[in-house]
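Open your viewer and get your selection tool ready. We will walk through the model one stop at a time.

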Amino acid sequence: MSGKKLIQLVSVAVAIAALFWLLGRIGWSTIGNALRSVGWAGALVLCSFSIAETILDGAALCTIVGPRLRLVFAVMLNSAGSTLNLILPWESGEILKSGIMRGYFGSQPAISGTIIWNYIFKLSRPAVSALTAVLAWILCRQASATTIAIVCVANLLAFLPYAVLRVLIQYGAAEGLFKILKLIPGIRRHPGHWVGLARNIDREVRQFWQERPTAYLKVFLYQAIARMTGWWGIYAGFKFVGLPYSFAQATLVYATMNVAEYVIAILPARVGVSEGTAFFAFKFLGLDPTLGLILYVVLRVRTVFVNGVLTPFAFLDWNRKATAAANRSS
């Protein structure tokens, strides 16, 4: 086993152990009561938010790749990517999505489509988060002005990944990466033929706005609405679990957790980390950290269930399914 894999496994184990320790401190009966209090109607609403988020993200990917990518397939791809991101760090799910699409559409559409989706995502996500931070500053009277100011400044800093990625793309990040690969000894296949592919990918990403501005805005809009489902899901979770918090506080929690996710993303584990982060985020906001952990456990169960149901379909032979459908219609 490689050192990288060992670090990931140890990190996941530690994160899960810490989560179970926190849950044990709260009490398993309390967690069970919270899950039961959601009920079937609440579970349906929370799952519908998660499904809507996946559909909107899939629609954004379809807009980039074009009509060759069916929406149903794009939804399954996003679920598979989200499932892997729960387990592995550093956006491993995006690599999985690109790898699956490559078998259907070729390397350039798969890689450039994934990069463009993530490029716009680096703008749409902090834009929605910053909006909620401003709304929290206007609406929330339960938190101190200093706390809200810290959240607002942190949300401004959340635009930095987009700025960095924009600079990298402007200077030809993909082409530069493959040129560096040529210098690394031990690579069996000479990557010289990849440089031309990388150059085309860089050009496509750079010119996406100039050549397809309507598509760019549609992707941004789809992604922004998809992010809002997470905001509304927190407020719905408050109500279904029976937490005594307002819409303004749900807005502040969403803005805070979005910023925290940027820190979580660099860690070599994801499972259990978000829930533990919610514990400390609620404490920072002056809310009951135990209730925050309970809420995020409920939301995690929802996410795992929805993505777990949809993910296996990403690995079906969609070319064969499309051919069969065409034959039936003829």
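Select Asp57 and Arg227: are both buried or exposed? Both Asp57 and Arg227 are buried, where buried means under 20% relative accessible area, exposed over 50% and partly exposed in between (1.4 Å probe, protein chains only).

Before moving on, a note on the ground rules. This is a predicted model, in which local features need pLDDT of at least 70 and side-chain atom pairs count only at pLDDT 80 or more, while totals for chains, interfaces and linings use all residues. Residues are numbered from 1 along each chain as its sequence is written, and side-chain values use heavy atoms, with hydrogens and water left out.

Now show the side chains of Asp57 and Arg227, which form a salt bridge at 2.8 Å, N to O (a side-chain nitrogen of Lys or Arg within 4 Å of a carboxyl oxygen of Asp or Glu). Asp57 sits in helix α2 and Arg227 in helix α11, 170 residues apart; helices are DSSP runs of H or I, at least four residues, numbered from the N terminus.

Glu53 is partly exposed at 26% relative accessible area, whereas Arg227 is at 7%. Shared partners join Glu53, Asp57 and Arg227 into one network.

Next, pick Phe282, which touches residues including Phe238, Val253, Leu295 and Tyr296, leaving aside residues up to four places away in sequence (contact means heavy atoms within 4.5 Å).

Note on methods. Helices (H or I, at least four residues) and strands (E, at least two) are DSSP runs, numbered from the N terminus.
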